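Okay, thanks for coming, everyone.

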Amino acid sequence: KNSASAWASRAACRASHEGAAMALVLTSVVPSDLEISRSADLTPPRPKAAWDQRHDTIREGREADRYWHDRWTAGLLLALAVIDNAMCYAAFFTVNGVDSRMHNIVEMQLVLLPWLMPALMVFTCLGTASFASLVIIVECHGIPRFHTIMNVRIYLSALPCALICSIIFYYSEQTKWAPFTAIVTIMLSIFMWCLHMRFRWWHTMNTCGKILLDISGFLAFLVGFTFAILFIINRVDFITKSNEMSCPYAANVEMPVNVPILGKWFCAPWKRKEETLLVRQPEPGSSPKQLLCSDTFVGAFGASIEPHAFECPSGCLVQYPGLGLTGCGIYSTDSQVCIAAIHSGVLTDAGGTATVFGRLGLPRFERCSRYALTSEERQVANAGAVMLSVPSSGGSSAFQLPRGTRRLYVTPPTVLDSSGMRVPQAFHFNNLPHSQEYLWLKDWDVSSSSASGVRADRPWTRIEATVSARVAGMELHDEKMRLGRPEDQLALFTAAQSGQAQSTQCRLGEYGVICPGSGAAVVNLDFCQPAAQTCLA
């Protein structure tokens, strides 16, 4: 019993000592209310939960990387969009203005699509407007509509521009670089945009959207790749079938004009305010013919309507008897060439070298005084309707060179006036306003595909030009004619029986033979012939 009470007293004593020690520890660790109030300003903030994203440094680093990745991607996509928009502008300015050129098959076909260039400019400007809206809405106001605006740009600008440039490329093939470049850059821009949407927003799309996105990207890549391959290997005609028209492209800077009555080609621009003077050259390799002061044109060159270089001696005025010069700027063929050259103003009494041009005659040669010389007048025919025939002496068909042969002279036709009187030929020096030879392609109009004379396999026959001309004594006054050689054109100067006249619509005017309604017999506007490639830059 005593031992039990002793054990209890020892336990109580031990407990009292432990309680005192615990109280001392708590007193030293837990601050008092006063100490808490004094150190309230130094109390650290309450720690956040472990899942709070505001202080997740790993996630914040990923967010920063994603931000800069999106910025760089958006910059790349925007740069591609700006480039393809710039290429559309380049395509417009490269092709625009064909209505004033139209010197080859490509420009002619684009002329038949007058809406093409205005439509290209409208859709290109819409693309530029989308870039301006990106700056205002996204950058200035901070509204997150980048993807929306870029999607709208593709539908309202990029795709329409690609379609229009494809039409231009179809007709121009390798001849125009800008439409091809615009197509390729647009397809590349669309392909990259689809890739961006594929990897960035794939988790937000439904199945149909994903399929359409993949198809769009694949088609953009396929179209751009196909166009590039055809352009590189120069086989765009595999699609266009342009070789079936037998009208090769030529980089002409002016319209090729064939003059059948001379068998030669000339060049003239469209829609000028004044005529283009023709400069006919003598046969290559021919040297100037030495003439005497008394030599006449018919005696030196015969019945010719071609140009001839000649050289006159000095002192012809001293030898001139005062007779034998008939005409004023346009002279009869029995006139003395050197005296006529002085009277016309191309030579002086010191002599020299010049070129004389044969031509069809006039009903009346006028009298005038020039450079101390007075010419004579002569009535040789009646003005009005005339008939044309091949000379009875034979030779080539009038105003038509034999195929496969080369002739120095073209046999001119015989011109008979209304009374059957033969109209003699004449000559001039191509230096006076009323005798200068010229071409004037004043204007053109597009005819309906069902109009008379238009052929579906020859689209250039839809172009009807308004032409004035004077060449070798033949004149056209605002004549309507189609490009090429219409098969239903009235033929003039064709072979006939010896000495037999042919009834025509031609009449004898003041300065030459005028044939209304038969313009294609005088000049042909034709850029499809191999010889037409004489108007290159």
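So, α5 and α6 cross in a left-handed way. Keep in mind that this is a predicted model. Helix α5 covers residues 116-140 and helix α6 covers residues 146-172, and they pack at an angle of about 160°. Their axes are 9 Å apart. Angles over 145 degrees count as roughly antiparallel, so that's what we call α5 relative to α6. What sort of residues make the contact? By class, α5 against α6 has 20 nonpolar residues, five polar and one charged.

Which helices supply the lining? You get at least two residues each from α3, α5, α6 and α7, where α3 is 57-95 and α7 is 177-200. The biggest contributor is α3, with seven residues. Sorted by class, the lining of this pocket comes out as eleven nonpolar, five polar and five charged residues.

Last stop, helix α12, residues 337-344. Buried or exposed, what would you guess for α12? Eight of its eight residues are buried, so α12 is largely enclosed by the rest of the structure. Reading along the helix, the buried ones are Val337, Cys338, Ile339, Ala340, Ala341, Ile342, His343 and Ser344.

Methods. Residues are numbered from 1 along each chain as its sequence is written. This is a predicted model: local features need pLDDT of at least 70, side-chain atom pairs count only at pLDDT 80 or more; totals for chains, interfaces and linings use all residues. Side-chain values use heavy atoms; hydrogens and water are left out. Axes are lines fitted to C-alpha atoms, for helices over the stretch in contact, and angles run from 0 to 180 degrees between N-to-C directions. Helices (H or I, at least four residues) and strands (E, at least two) are DSSP runs, numbered from the N terminus. Angles under 35 degrees count as roughly parallel, over 145 as roughly antiparallel, 65 to 115 as roughly perpendicular and the rest as oblique. A crossing is left-handed if the near helix is turned anticlockwise from the far one by less than a right angle, and right-handed if clockwise. Ala, Val, Leu, Ile, Met, Phe, Trp, Tyr, Cys and Pro count as nonpolar, Asp, Glu, Lys and Arg as charged, and the others, Gly among them, as polar. Buried means under 20% relative accessible area, exposed over 50%, partly exposed in between (1.4 Å probe, protein chains only).
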